[in-house]
Amino acid sequence: MEIPLTMTALAAGWAVVVFGAAMQAATGLGAGLIMVPLMLMVDPVLVPGPLMLSALSLNSLMVYRGRDYVDLRAFWPIVVGMIGGGLLAWPLVAYLRGPETQVVFGMMLLVAVAVSLGGWSPQMTGRNMIVAGVVSAFMGTTAAIGGPILALLFQRRSGPEMRAALAALYLAGTLIILAILYQGGRLGWPELQAGGLLIPGWLAGYWLAGPMAKRLDAGYTRIVVLTIAGVSAVLLVARGVRAFWGVLG
């Protein structure tokens, strides 16, 4: 089966991936938030399977680069939560694609960002880590945006620690979600081909991120992460409202 992807769509997809990958490699957050809406405009066939498959290349590189910073004590409880969130979303994914779901998730994220800007950040307790994993996987499977929840949990960590932790969790979470997509018949050979074609964009973004990461590590990582999380929440709400009015229209 051939992939339904034109050269124009592929070139546009590469451009989106390079930008999103550079943001994620520099901050630990942003690829999905930036790329999912843009990729849907480029060609819906690229979301979610091909985009998530190709993202494994960036996350693997980031985990290897930051392997000395990965906190395994936080990693495993969150992964357990991710498995639970993925299993919870599996039977519900067909029913939670409506605009009202995106609005609810976006509002929840906005509240979390506002509280964090006020000086509060969640403690790294076992319960909080499991809950963050559940919410992240659930939102990632149903709304394609699960990273900000994890970023809020690690917002007080240094730049290298945050990037390594999030990359390791994204790698695990992506594998969980891909398994769910495969079982649901939404991941096959065409998606694998399209994902392979996007990998050069991820590698280029990784290479470009070095100078950005050095500047952010000078004390700007937390505010940039909170800003990206806030923007993603607004985009999620706006996308839901737009879809809702489209349905009414």
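**Figure 1. Contacts of Val-18 in the predicted model.** Setting aside neighbours within four places in sequence, Val-18 is in contact with Gly-201, Ala-204, Gly-205 and Leu-208. The model shown here is predicted. Val-18 itself sits in helix 1. Its relative accessibility is 22%, so Val-18 counts as partly exposed. The cut-off for buried is under 20%. Met-35 lies 17 residues from Val-18 in sequence. In space, the C-alpha atoms of Val-18 and Met-35 are 9.7 Å apart.

**Figure 2. Helix 1 against helix 9.** Helix 1 covers residues 7-27, and helix 9 covers residues 189-216. Their axes come within 6 Å. The crossing angle is roughly 35°. In hand, the crossing of helix 1 and helix 9 is right-handed. The residues of this contact divide into 20 nonpolar, four polar and no charged.

**Figure 3. The fold as a whole.** How many helices and strands does the protein have? The count is ten helices and zero strands. Along the sequence the pattern reads α-α-α-α-α-α-α-α-α-α. The protein has 249 residues, and 50% of them count as buried. Contacts between residues at least 6 apart in sequence can be split by separation; 85% of them join residues at least 24 apart. The protein exposes about 11,900 Å². Carbon and sulfur atoms supply 71% of that area.

**Figure 4. The largest nonpolar core.** This core holds 33 residues. Which of its members touch the most other members? They are Ile-78, Met-82, Leu-150, Phe-154, Leu-166 and Leu-169. Six elements are listed as giving two or more residues to the core: helix 4 (72-89), helix 5 (99-117), helix 6 (126-143), helix 7 (147-153), helix 8 (159-183) and helix 10 (221-248). The largest share, nine residues, comes from helix 8. A second, separate core has 24 residues. Among them are Val-16, Ala-26, Met-39 and Leu-51. In soluble globular proteins, nonpolar side chains tend to be buried together.

**Figure 5. Leu-150 and its partners.** Leu-150 is one of the residues that touch the most other members of the largest core. Beyond neighbours within four places in sequence, Leu-150 is in contact with Ile-78, Met-82, Ala-132, Gly-133, Ser-136, Leu-166, Leu-169 and Tyr-170.

**Figure 6. Asn-59 in helix 3.** Asn-59 lies in helix 3. Is Asn-59 buried or exposed? At 2% relative accessibility, Asn-59 counts as buried. Leaving out neighbours within four places in sequence, Asn-59 is in contact with Gln-24, Ala-167, Tyr-170, Leu-171 and Thr-174. Ala-25 is 34 residues away along the chain. The C-alpha atoms of Asn-59 and Ala-25 are separated by 8.5 Å.

**Figure 7. Ala-229 in helix 10.** Ala-229 has its place in helix 10. Its relative accessibility is 0%, so Ala-229 counts as buried. Which residues does Ala-229 contact, leaving aside neighbours within four places in sequence? They are Leu-29, Leu-109, Val-113 and Pro-148. Pro-148 is 81 residues from Ala-229 along the chain. Their C-alpha atoms are separated by 5.3 Å.

Figure 8. The peptide bond from Val-47 to Pro-48 is cis. Its omega is near 0°. Most peptide bonds are trans. Where is Pro-48 found? Pro-48 is in the loop between helix 2 (31-42) and helix 3 (49-65).

**Figure 9. Val-70 in a loop.** Val-70 lies in the loop between helix 3 and helix 4. Not counting residues up to four places away in sequence, Val-70 touches Ala-164 and Ala-168. Leu-166 is 96 residues from Val-70 in sequence. The two residues, Val-70 and Leu-166, are 8.8 Å apart in space, C-alpha to C-alpha.

Conventions. Residues numbered from 1 in each chain as written. Predicted model: local features only at pLDDT ≥ 70, side-chain atom pairs only at ≥ 80, totals over all residues. Heavy atoms only, no water. Axes fitted to C-alpha atoms, helices over the stretch in contact; angles between N-to-C directions. Helix = DSSP H or I, 4+ residues; strand = E, 2+ residues; numbered from the N terminus. Left-handed = near helix turned anticlockwise from the far one by under 90°. Nonpolar A, V, L, I, M, F, W, Y, C, P; charged D, E, K, R; others polar. Core = buried A, V, L, I, M, F, W, Y, C linked by side-chain atoms within 4.5 Å. Buried < 20%, exposed > 50% of the residue type's maximum accessible area, 1.4 Å probe, protein only. Contact = heavy atoms within 4.5 Å. Areas by Shrake-Rupley, 256 points an atom, 1.4 Å probe, with all protein chains shown as cover.
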